[in-house]
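Here are my notes for you, in numbered points. Keep the structure open beside them and look up each residue as it comes along.

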Amino acid sequence: MNKHLIFIAGICLSLGLMAEPIPQGYYDHINGLSDSLLKSALHDSICGGIRYEYGANQYHSSSNPPEWMAGDLKAYGTWQALPVTDRREDGTIWDMYSNSVRYYPKRQGESGCSLNIEHCLPKSWWGGAVNDAYKDLYNLNPSDQRANSQKNNYPPGHVKRGDKFDNGSFRMDKANSSGYGYICFEPAPEYRGDFARAYFYMVTAYENITWTAYPQYVSTADYHMFSDSIQRVLLDWHRADPVDDKELCRADRISSIQHNRNPYIDYPILVEYIWGNRQGQTVNLSELTPTTVATCPEYIPETDTEHQYDTIINLPAITAALINAIPGGSANSGIQSNGTSSITMGKSSTEGEFSFTGLNLADSTLLVFRASPYNSATSMQLNIYADDSLIRTINETVTQETRNEQRYTTTIPAGTNTLRMLSVGTATSQRACMQELYLLKRKPTAPSGVCNPQETTQQEARLVLINGVLYIKRDNQYYTLDGQKIR
């Protein structure tokens with residue numbers, strides 16, 4: 001396995017989003033309340049705010065989250081928010097459903113390879129109506145497609161064997177091994193409390209919507225709403241996995257977008273007053289201590305001025321249409337576009353293949369792309385050809401459902417006229433997914449002491465890498481590859 005990292009520039013983009021504190025007096029009205037009255041009072045506080053559209057096909061040209069807070073995020077949808085709420089400091093997606101390493105696409109508002117937006121508490125439990133519950137970020141997470149598909153609308157449970165699904169992080173039992181008589185799921189230990197508090201939030205914020213689709217799991221017959229078995233599981237998860245910095249930072253960022261809170265993250269003890277060992281007791285808010293975190297991590301820019309490149313092919317988003325739009329570009333019928341940001345290389349029995357002809361490269365160039373095995377593939381093989389010569393083969397094998405996105409770099413020799421990439425294999429189990437591709441030429445270096453009047457033109461601008469995405473840096477400003485200024 002030959003893997004490379006590109007060191008065009010080691011740079012991270014700051015989220016630039018300040019945590020939103022609990023509004024003054026937000027929880028004052030719960031004083032002296034207990035049980036169902038307490039839960040309904042919390043509902044009155046948290047049911048308000050803003051909900052943005054689920055998914056959405058448009059994308060925002062800005063990568064600066066504060067610019068999204070003026071209300072235009074509603075037009076672009078929840079894919080806009082997830083890079084703010086669910087991204088680690090190193091730029092990778094924070095996926096509570098798998099250990100796979102993935103990155104958000106360059107186009108905000110788009111799904112990446114093998115990635116879904118998953119409803120933590122299944123939407124089918126309230127009948128799937130596209131209401132505020134359907135679009136609430138507290139219940140939405142970036143999710144591995146395989147895990148999401150397996151989870152379906154099954155309930156949480158204490159998984160014993162993982163005999164239905166197990167990817168090393170997210171496990172599921174079959175009905176006959178779960179102990180409940182139904183299929184159930186269980187996330188990794190460090191995420192179980194996150195799931196539980198999302199479930200408690202949902203039946204509080206939306207206690208008045210129709211909950212009749214799966215009465216064996218949740219109903220309004222009792223203010224607790226959950227079945228006894230599910231309630232016990234959620235309490236176990238809540239107690240075993242307290243609120244941590246990741247969960248609190250995510251909640252603060254959601255609050256900055258939606259302008260409502262999850263009370264069971266702010267005051268985890270409230271779970272006990274409604275579902276746990278403090279039922280029947282009245283709340284004295286002055287005796288409760290809210291959860292706090294020292295600081296939420298930001299992504300601090302760090303530039304590297306050593307490597308400078310011109311681009312010959314720019315595909316920060318890659319589809320069959322975008323490949324064909326490049327002069328000399330050609331994608332065969334095996335290239336399947338996933339939305340407007342990525343491709344699956346293979347269809348039915350046809351191998352995925354695309355090429356660029358008429359390159360006539362005077363010098364060696366650098367091919368840079370990001371790829372991973374398809375969401376149901378067990379392996380991938382990518383062959384790279386310069387004219388008729390095979391210059392590199394990339395093989396990846398899936399281990400325990402882990403499908404990491406890798407950034408690969410390959411030197412294309414001088415004199416190459418045709419660059420071709422082939423995903424080998426005529427079955428779904430062998431396909432690759434690709435999210436971006438660039439062909440780069442190192443810039444000429446001006447002799448010492450010689451002023452280059454073209455130094456700041458777009459053709460001579462530097463490419464920099466920001467959270468796994470290439471941008472243009474010119475005159476100390478950053479631009480997307482289609483010319484949109486971002487900072």
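**Notes on the model**

1. Let's start with a cysteine: Cys 113 has a relative accessibility of 2%, so Cys 113 counts as buried. "Buried" here means under 20% relative accessible area, "exposed" means over 50%, and "partly exposed" is anything in between (1.4 Å probe, protein chains only).

2. A word on where all this comes from: the model is predicted, so local features need pLDDT of at least 70 and side-chain atom pairs count only at pLDDT 80 or more, while totals for chains, interfaces and linings use all residues. Residues are numbered from 1 along each chain as its sequence is written, and side-chain values use heavy atoms, with hydrogens and water left out.

3. How far does the predictor trust itself? pLDDT is its confidence in each residue, from 0 to 100. The protein chain averages 84, and 80% of the residues score at least 70.

4. Now the overall picture. The protein chain comes to ten helices and 20 strands; helices (H or I, at least four residues) and strands (E, at least two) are DSSP runs, numbered from the N terminus. Of the 487 residues, 55% are buried. Take the contacts with a separation of 6 or more: residues 24 or more positions apart account for 69% of them.

5. How many disulfides does a search of the whole structure find? It finds two, where a disulfide is a pair of cysteine sulfur atoms within 2.5 Å. If you number the bonded cysteines in sequence order, the pairing is 1-4, 2-3.

6. Back to Cys 113, then. Its partner is Cys 433, with the sulfur atoms 2.2 Å apart. This pair links distant parts of the chain, 320 residues apart: Cys 113 sits in the loop between helix H3 (78-85) and strand E1 (115-119), and Cys 433 in strand E17 (residues 432-442). The torsion about the S-S bond is about -90°, so this disulfide is left-handed. Cys 433 is buried because its relative accessible area is 2%.

7. The other disulfide joins Cys 249 to Cys 296, S to S 2.3 Å. Here too distant parts of the chain are linked, 47 residues apart: Cys 249 belongs to helix H7 (residues 245-258), while Cys 296 lies in the loop between helix H9 (270-274) and strand E6 (309-315). With -100° about the S-S bond, this link is left-handed. Buried or exposed? Cys 249 is buried, at 3% relative accessible area, and Cys 296 counts as buried at 16%.

8. Two further cysteines are worth a look. Cys 47 is partly exposed, with a relative accessible area of 31%, whereas Cys 184 is buried at 0%.

9. The axes of helix H1 (residues 35-46) and helix H5 (residues 192-205) come within 8 Å and cross at roughly 85°. Axes are lines fitted to C-alpha atoms, for helices over the stretch in contact, and angles run from 0 to 180 degrees between N-to-C directions. H1 and H5 are therefore roughly perpendicular (under 35 degrees counts as roughly parallel, over 145 as roughly antiparallel, 65 to 115 as roughly perpendicular, and the rest as oblique). On the H1 side, Lys 39, Leu 42, His 43 and Ile 46 meet Tyr 201, Val 203, Thr 204 and Ala 205 in H5.

10. Asn 131 is in the loop between E1 and strand E2 (140-144). It is partly exposed because its relative accessibility is 21%. Leaving out residues up to four places away in sequence, Asn 131 touches Trp 126 and Ile 209. Asn 131 and Tyr 206 are 75 residues apart in sequence, yet 9.9 Å apart in space, C-alpha to C-alpha.

11. Last stop: Thr 365, in strand E12 (residues 365-373). With a relative accessible area of 4%, Thr 365 is buried. Beyond four places in sequence, its contacts include Ile 312, Thr 410 and Leu 439.

Technical notes: pLDDT = per-residue confidence, 0-100. Contact = heavy atoms within 4.5 Å.
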